[in-house]
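Please read them alongside the sequence and the coordinates.

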Amino acid sequence: MTTRRRPQVSSRKQPQQARSTELVTAILQAAVQVLAQEGATRFTTARVAEKAGVSVGSVYQYFPNKAAILFQLQAEEWQQTTEMQRRILEDARKPPFDRLRMLVHAFIKSECEEAEMRLALNDAAPLYRDAPEAQQIRASADRTVDIFMEEVLPKTSVAKRALAGDLIMTTLSTVGSSFSGTRRTQAEIKIYADAMADMFCAYLKGLQESGNG
């Protein structure tokens, strides 16, 4: 039995000069347009090159295949989300439940504002989701949640804290994606985010009250 080879998703090289940086930026901007217009199934390196006004060879200097281009778009989105999550959850100036509420509002708002691109990237996810590079980014986000859960639930076992963090983030991501599938008003976003935050806070308070375990 042969093992299916994972596609290479890392860039071939990083741009070192301003001109190279501009080229990579143009390629990624073109990729966003092609993805939005054609969807993940019709996304090709040739279409990206044509939209960027460069040769296919120029694209291949930096990206070995279309999976690498799509992963770069996804990685930037993940990194932005991870940084937002870290910035909010690690802000010790605010009480933990206030931070959690802020995160829910920021996440749901972001999901709604970027719904079309997120949906297209989700369709492309099978190309790169199991790559080590993708796992590394997700691990960074998981560490931020683990630290926050340790602060909120210091008397709870590591296993239960991990379960709580995974349940909250998985629910937030899954429900947020579903909610953003329909165009929403700012008022609808606020009501929905408030309800989700209330649910998460009640769940964590219940774990706090249950004591050690």
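1. The axes are lines fitted to C-alpha atoms, for helices over the stretch in contact, and angles run from 0 to 180 degrees between N-to-C directions. The axes of α7 and helix α8 (residues 158-179) cross at roughly 120 degrees and come within 9 Å; α7 and α8 are therefore oblique to each other.

2. This is a predicted model, in which local features need pLDDT of at least 70 and side-chain atom pairs count only at pLDDT 80 or more, while totals for chains, interfaces and linings use all residues. Residues are numbered from 1 along each chain as its sequence is written, and side-chain values use heavy atoms, with hydrogens and water left out.

3. The protein has nine helices and zero strands. Helices (H or I, at least four residues) and strands (E, at least two) are DSSP runs, numbered from the N terminus. The C-alpha trace spans about 60 × 45 × 40 Å along its principal axes.

4. The crossing of α7 and α8 is right-handed (the near helix is turned clockwise from the far one by less than a right angle; anticlockwise is left-handed). Val145, Met149 and Glu150 of α7 make the contact with Arg161, Ala164, Gly165, Ile168 and Met169 of α8, contact meaning heavy atoms within 4.5 Å. By class there are five nonpolar, one polar and two charged residues. Ala, Val, Leu, Ile, Met, Phe, Trp, Tyr, Cys and Pro count as nonpolar, Asp, Glu, Lys and Arg as charged, and the others, Gly among them, as polar.

5. Helix α5 (residues 96-113) and helix α7 (residues 132-152) have axes that come within 10 Å and cross at roughly 145 degrees. The crossing is left-handed. Pro96, Phe97, Arg99 and Leu100 of α5 meet Phe148, Glu151 and Val152 of α7, a set of five nonpolar, no polar and two charged residues.

6. The axes of α5 and helix α9 (residues 186-209) come within 9 Å, again crossing at roughly 145 degrees, but here α5 passes in a right-handed crossing. Their contact has twelve nonpolar, three polar and six charged residues.

7. Which elements line the largest pocket? Those giving two or more residues are α4 (66-89), α5, α6 (115-124), α7 and α8, with the largest share, ten residues, coming from α8. A pocket is an open set of points, on a 1 Å grid over the protein atoms alone, where a 1.4 Å probe fits, with protein on both sides within 12 Å along at least five of seven lines; lining residues have an atom within 4 Å of a point.

8. The lining of the largest pocket comprises 35 residues, with Trp78, Phe107, Arg138, Met169 and Ser173 nearest its centre. By class the lining has 13 nonpolar, 13 polar and nine charged residues.

Key
Parallel < 35°, antiparallel > 145°, perpendicular 65-115°, else oblique.
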